[in-house]
Each structure stands twice: as structure tokens, then as C-alpha cells.
Amino acid sequence: MKRVAARALSALALAALLCGGCAMVPQNRRKHLGDPMMSPDGDALLTAGQRKLYTSRESAAGGDAAPAGGGCGCQ
Amino acid sequence: MRLPVAGAALLFLVAPAARGEPVGNPFLAPPPSDLDQPALVSAPRYRIESVAVRTTTFDQDGLGYQSAAGPVFGPGSERATILEPQCEIVAALGDRLIERVVTSVDVVTAASPNHRLYGLPVGTPVDVVSSPSRINEAEEIDSDSTYAWSRTATLGIHADYHLEEPLESWGLGALATRSFAGDNTVLSGSLYQIVDWFDNFNLAGKRFGRDVRTTTNANLGFSQLLTPTTIVLGSYGFTVQAGTLTNTWNSVPLSDATRGTEVVPRERLRHAVSGRLLQWLPWNGALKLGYRLYADSWGSLAHTADAELSQRLGRLTLDLGGRYHRQSAVSFFGTLFDPAALGLRTADSDLAPLVAHALSAGARWDQPIGPQGHRIYFAINGEHYWRTNNLHVDFVSGALGWQQ
Amino acid sequence: MRRRGLRGLSLALAVALGGCGNAGLRRASAPTAVPPTAVDGWQQIPLTDLDGRQVTLAQVLAGRPALVNFWAPWCERCKTELPDLDRLARRLDGCGVIVGVAVGEDASHTAAFVHERGLLYPQVVDEEFHLADALRQSRVPTTLVIDGAGAIVHAGLALDQAALGALQAALSRADADGHCKGSHRAGTT
């Protein structure tokens, strides 16, 4: 598991490195980026319900900046 | 429900005043103009930005070996239905502070049918946990406050309380975001601490006071604008859980035709790393792709991939989504155990090797009202979720909301 | 293995952040509208009016002092300012002019938005960002004040007291030069 974690961290760092390639999108050209369809989490209440379904019915949780585990009796 | 960092940063964007960026994308946190120069137009002192209500029904059916509601050696029924009304209010205080409050209620029928007395008339103590095994109500309130510390940084506080008949849970979190390169890059970090305090029943129904478990979760994330139509995001989460990491009344089937107590480790370390790509499509649509790799100290390794396609047709927005999840079992999973064997054991189908699929669809209608740009919306969503180890969940959800 | 992984992560993040222009890890400076480049003929750059006809800023300004507001319908901050700009425009009785420049939008969408809000001051559309790029303005809202001679005397972001003061000064100069007949006022709204 430690090896997997180290590889995961390295992959994230590599992604950050590749993405930091000086892409500069001027603020006045972000019309589409701010569209509600482009929101990472979409409808917050709907996403929360889906997340609860997946985390209570699978072993995996987290990786989406949300706490992984605890908080309910659905163990 | 926990508010992720992305969602918390979204709060910073929802307030219309003093925002030079469009609402909806949490990683485009704009600089409130009056942090740098006094603006002619100042925000009202306090205003409601949005109100939304949503109701979801989950209909679950399947079989699992942790359920005693079936044959002696299992698998037993995992039938359950859940009704979940939710309410969300987002408000802004001046130009810097946004608050979000979410309340939800879960009404769960057949919450834990893990005893062979399942099926007796309502009112019979079906399970060691009495009524929660048949019908359980859970209430939760979440609060998130996000403060624009400067043009490029936000700070946030999260607090939540969850209450159900056998359990109470408290959560506290802090998060921060920092943008760089003209807000093209945003880094985020968050830390959450959750404490669960719950009844300790054995399989015979005897209560031994209360037990506790803690969950500590840390997250790092980034977002990067690649083009005027493309965003990539990445996140890593590390979680440490300690204490009684199971419900004490969970059981496993034993080879002598009885049931034994589930025994799991008192610690669990979890790692998850994910990436997402958001791409605007030129025909007024959007494509979202995501992948997550998960591993924990209980031996489970999981891969999850998801995709969502959105299309706007005038005031109507249609969504279509798919999800694929594959996981390996935890190292101590089994479907039958030796009564004489001591050690870790679980028959929880959620910890079994499985592949899960989900297909979802949704529709939303946005209706402007008045000349000030306010709007109301109606949404309906549905999802079919199914696992290869004999479980499926259907949910239908409807929402009504108002936004400034 | 873990130490190498952490070092690699730190290095990668440092390079990634440092690579994103000079902003990098330094504290970002306060946002200001970039001082406009005195691009020759910027007032002659072809734009579009709300009816889709080609027009230039020179035609709209007609030698008058002006407050030019770059905005976009998707920009929440911009939308907050629109009613104040409209009220300001009504108080400028002929001497000066308020002009809205909608960037990145097409004329029909902008027209529908403007008519829905009941805005009466002149609007032009810079769909391909030609004017914004020529003046090196990459943010919305952006507020420019132009005097009667066509020079840009103020560049800022949101509509603020500094912009109003610059407009007041430009109107006073135009009045003193005899280019304005009658009274004018550009006070706070």
C-alpha cells in the first residue's frame, strides 16, 4: 500500500508539473469555464447523495477532497 | 454530507457582488475588487444567494453474507429503502464571507436486517438495535464558511453534526485555497476531523455503553486552466481512522450454523488520488472525465472511472453519466468462518471483491424571473447502480431551487 | 522510497508553480487594468452594434468625454454595475457618454441581455476581443475614461470613485474648452 501511495503521489506531482505549463487564460476569456455545466461537482446536493451511496456501498472513499469514512452508522 | 474543498471554494464564487468571474466554477475564485480598490458598488451587508431543496429516494435490494435475514449460511436480504430530503441555503456577508448550510434527513427502512427474526411484525425487537434495524431516522446539519482572505487566498471552516438513533457524529474541518498566475492555477488543502460516538450492542442485544471511532482526513488538490475551454483537476486524500471501525452488531456466518461477531482492525489508513478533466464542447455542452485510484491498509485496492456528458438546449440542460468501479476485497473478507478461529473476519459485501456500475440521467430547467437576473430551477435525476455481488440501488431525485 | 517520493513531489510542485509565469510563488500584486497601450487607431477598430452593424468607438464617442466599460453577460461583478452605469448615463445630458463594450459575446445575445435589463446607454460588441487585446485589457469589468481629445486618462477595474473623478475632470475640461453646452454632473449614484 505504501508503494501504491508513493506512486499515486508521484502521479499527482507529475500531473501538476505537466499542467503548470504556463497556460494563461485571460480572465475575460473564461466564459465557458465558469458555466455551471463545467462545475466539477455539479449540483452539490445531488453529488452529496451520490457520494454517500458510493462510500457506504464500496470499500473506497476519498480522493475528492471529501472526508473518507465515518460520520454515519452505515459501516 | 461533507463539503469538499471544491465545493467550499465554490462558495467564494456564488456571491454576485464584487466578483469578476462567472458563478459555477470553484477554481476560478476571482479577486473581490474592493480588496484592492474601493468600488463604487458595494455589496449589501447580508443577502441570500441561493436556496435549494431536494428529495431523493434510494431503493436498494440484494443479498449479502453480513445479513442474517435469510438462510443459516447466508446470504441474507439487504433490502432497504431510504428517503432523503435535503435543504441548502447559501448566503453572503459583504464581499468576503460566504456561508453555506445544508440540512438533511435520512429515513431508512430495514436499516440493518441482520437477524433471522427479520420478518416478524413491526414492533417486535427485530434486531439488537431494536427500531433502528427496521426504521431509522438520521438527521444531519452541515455548515461551511468561506472567507476571502486576499485577492488570491481563501480560508474556510466546516462543521457538521449527524444524529441517528444509535449514533452521534461531530465533524470539524479547515480548508484553504491559493491561486497563482492570474488565477489560472489554484492549490487547495483541507483537514477534517470526525468523531463518531455510538451504541455498543453485542449480537445478543446486550448494550455495553458507547463506543467511539475517529476519522482524520487530509487533502491536497490543484486545478489548472489549460485552455479557455479546458480545466484539469487533481486531488490526493489521506485518511486515518481509529477506534471501533464497525457497527458492533455486525455479524458473520459461522460453519456451525451460528453467527459470530465481525472483527475488524482498530486502525485503517486510506489513500486516494484522483484526476478530473472538464472540457467545454462547442455545441453548448460539457464533458467531464474522472479517475480515482484507492488503496487502504485493509488490503483493498480500487479503480474508479466516471464520465458525464451535459448538453444545454435553451433553458433545458440534460445530463448523462456513467461510472465504473472495481475493487479487491479486504484481506479478511469471507463468506463463512470457523467458529474456533480467532482473528479478523468480515462478511460485509461492501468490502468484498466487486465491480460496480452506475448509469445516471438528469434534466434541469432554468427559468429567469424578473429583470435582476434571478432564476428558479427544477431538476430531476435518476441513477441505476448495480454490483456484481448481487446488489443494486435505484435512486430518483427531484430538486427545486432559487438563485440570485 | 517514501523520502524520494516526497522530494519528488516537492520538486514537481515547485517547478509547476514556478513555471506558471512570474507570478509563481510570489504574492500576486494588486490587480489593475494594464495601462492601455497608445495603439494608433484603437478607436477605429471595427466593432458591432446591437443590431449587428459595423461601428467604431470613434463613431460612438464622437469626440466626447466618455466612460467606457468592458463587460460580459456572464460576469457577475459586471452585472452588478450595469444599473449604476445606466443611471449615470441618464445624468450626463449630452456632454459625456457612457459606452458599454461587451467582449466575447455575439451581438444578438448581448442585445437580448441589454433589452432584458432595460439599459439605455450605448452598447457595442467586441466579439473577438480585438479592441480589448489592442488596449491590453484582459479583465472584466474594466473601466476606462477617455477625455475629449481621445486620450485614455484613467484605467481601472470596477466602477469606482477614481473613475468617476476622472470622468468629472474630463467633463470639466471639455466644458471649459467650450465643447459642452449646458450642465453636466457625474456624481456618485
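In this predicted model, helix H4 (residues 107-117) of chain C has these buried residues: C:Ala107, C:Thr110, C:Ala111, C:Phe113, C:Val114 and C:Arg117. They lie on the same side of H4(C) because they cover an arc of only 165° around the axis. Here the arc is taken from the directions from the helix axis to the C-beta atoms.

**Around the helix**
- An α-helix has 3.6 residues a turn, so residues three or four places apart point the same way.
- On the other side of H4(C), C:Ser108 and C:His115 are exposed.
- Buried means under 20% relative accessible area, exposed over 50%, and partly exposed in between (1.4 Å probe, protein chains only).
- The cover over the buried residues of H4(C) includes helix H3 (76-91) and strands E1 (47-49), E3 (66-71), E4 (97-103) and E5 (123-126) of chain C.
- After H4(C) comes C:Gly118, with a positive phi near 70°.

**The whole chain**
- Chain C has six helices and seven strands, counted as DSSP runs numbered from the N terminus (helices H or I, at least four residues; strands E, at least two).
- Of the 189 residues in chain C, 51% are buried.
- Among contacts in chain C (heavy atoms within 4.5 Å) with a separation of 6 or more, 65% join residues 24 or more positions apart.

**Reading the model**
- Residues are numbered from 1 along each chain as its sequence is written, and chains are lettered from A and ligands numbered from 1 in the order in which they are written.
- Local features need pLDDT of at least 70, side-chain atom pairs count only at pLDDT 80 or more, and totals for chains, interfaces and linings use all residues, while side-chain values use heavy atoms, leaving out hydrogens and water.
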